[in-house]
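Thanks for coming. I will take the inside of this structure and then its surface, and keep it brief.

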Amino acid sequence: MASAAEQLASNLNFAAFAKAEDLKKRIWFTLGALFVYRLGTYIPLPGINPEAFAQAFQQQSGGVLGMFNMFAGGAVERMAIFALGIMPYISASIIMQLMTSVIPSLEALKKEGEQGRKIINQYTRYGTVLLAIVQSYGISVGLSSGNNIVTNPGLFFQISSVITLTGGTMFLMWLGEQITARGIGNGISLIIFAGIVAGMPAAISGTLELSRTGALSTGLVLAIMILAVVVIALIVFVERAQRRLLIQYPKRQVGNRMFQGDTSHLPLKLNTSGVIPPIFASSLLLLPATLAGFSNTQNLPSWAASVLSALGHGQPLYMLFYGAMIAFFTFFYTAIVFNPKDTADQLKKHSGFIPGYRPGERTAEYIDYVLTRITVVGAIYLVAVCLLPEYLIAATGVPFYLGGTSLLIVVSVTLDTIAQIQGHLIAHQYEGLIKKSKLRGGKRGK
């Protein structure tokens, strides 16, 4: 079966794609949904002065607002109806994953299968609404605080902003679920992907403009482009890398026949935590500087001002803490999303075992031993990929857009979407082979 699938995958071509009508419909639906999302990032929030907000945003673009603006596809910079983006849903999902590891009732729901996952997803939606309301209210209060950003500040503006921004997040959550069900790929990931990719042309053109004006040397720009290709290749390699543990199943007897024991593999990804550690680390580190930017920094004590200066974007202390927090969250999140004991129990339940290790506790200890060591490699990889653009920005002043969290998300989502497209093409070719075999069988019967 595996060799047949590999053979079909190797024979994928444009002719097979042209015949896959269902796949083409899914792709067109996905593109249409992403177009609607991009359109919403240009519809401004009612009641604000765009010019005054643009000036205020430029002062805070280096903090959390700049990172959220990247994920929201520029919607924060324009204070559009999708300014919150899909981040409240992602935050609620992460919180629910943490709670399922702590609260026994939620952990039991997680083990109930599809029905339990539906209930957890519903709780996640409720959490998304709550987080969106809190964040949108904070945004409305911040906009009303001064700088003539709001034309008519007051309770009506705050209520309308909360409704508009929360509604925008809920619409994006619904749109992402529709893409997942009726389109191709993971809808939530594709929405973030579209927002990041939308800002890449401007970032690349800005870098080329700096080269044209002489602010950056041509050799440095070429070196950055080559480095970007190398980093992309590294991300593709590591995101595909797995440590496969051999799993064996004993011989079994059905009636008078004895069946040979099967073998399979337990794949352990080198980077199990994905892009969550960089998002967590950057958010926590940029938050103090952003809060200080909204307040009057002249009233801060000298020690607080010194700490904020040392934790500034591109400073050595900032990069030190950034790398340490990425490593910490890599281990922390891996421990939450992958439980060696549960995996060992599932193997024991299905009579599977790892050669040389007794089923149950010894198997769980071995899986945890292997997972810990490959997570060390994954943490080093994440720290290297995320600190590289920070170092380039600090050393050369280059707006290195293709790096860190953004590049991780773009490459990971691209790989996942391509894999799903290939899966649909393989399934379509299998259906074609089955139909041909049925037609041949019918002709022979006649």
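**Cores, a surface patch and one glutamine**

I start with Trp174, which sits in helix 10. Before going further, please note that this is a predicted model.

Trp174 belongs to a nonpolar surface patch together with Phe35, Val36, Leu39 and Phe171. Together these residues have about 500 Å² of accessible area. Two elements, helix 3 (21–40) and helix 10 (155–182), each give two or more residues to the patch. Which helix gives the most? That is helix 3, with three residues.

Now the inside. The largest nonpolar core has 83 residues. The members that touch the most others are Phe71, Ile86, Leu143, Ile196, Ile235, Leu245 and Leu408. The top contributor to this core is helix 17, residues 361–396, which supplies ten residues. Apart from that core lies another, of five residues, including Ala20, Ile27, Ile184 and Leu425.

What is Leu408 in contact with, once neighbours within four places in sequence are left aside? The partners are Ile235, Glu239, Val275, Pro278, Tyr381, Leu382, Val385 and Cys386.

Last, Gln346, in helix 16, residues 340–349. The relative accessibility of Gln346 is 44%, so Gln346 counts as partly exposed. Gln346 and Gly360 are 14 residues apart along the chain, and their C-alpha atoms are separated by 9.2 Å.

That is what I have for today.

Notes: Residues are numbered from 1 along each chain as its sequence is written. This is a predicted model: local features need pLDDT of at least 70, side-chain atom pairs count only at pLDDT 80 or more; totals for chains, interfaces and linings use all residues. Side-chain values use heavy atoms; hydrogens and water are left out. Patches are made of residues with over 30% relative accessible area and no salt bridge: like charges are joined within 9 Å, nonpolar side chains (Val, Leu, Ile, Met, Phe, Trp, Tyr) within 5 Å. Accessible areas come from the Shrake-Rupley method with a 1.4 Å probe; for residues, only the protein chains shown count as cover. A salt bridge is a side-chain nitrogen of Lys or Arg within 4 Å of a carboxyl oxygen of Asp or Glu. Helices (H or I, at least four residues) and strands (E, at least two) are DSSP runs, numbered from the N terminus. A nonpolar core is a set of buried Ala, Val, Leu, Ile, Met, Phe, Trp, Tyr and Cys residues joined through side-chain atoms within 4.5 Å. Buried means under 20% relative accessible area, exposed over 50%, partly exposed in between (1.4 Å probe, protein chains only). Contact means heavy atoms within 4.5 Å.
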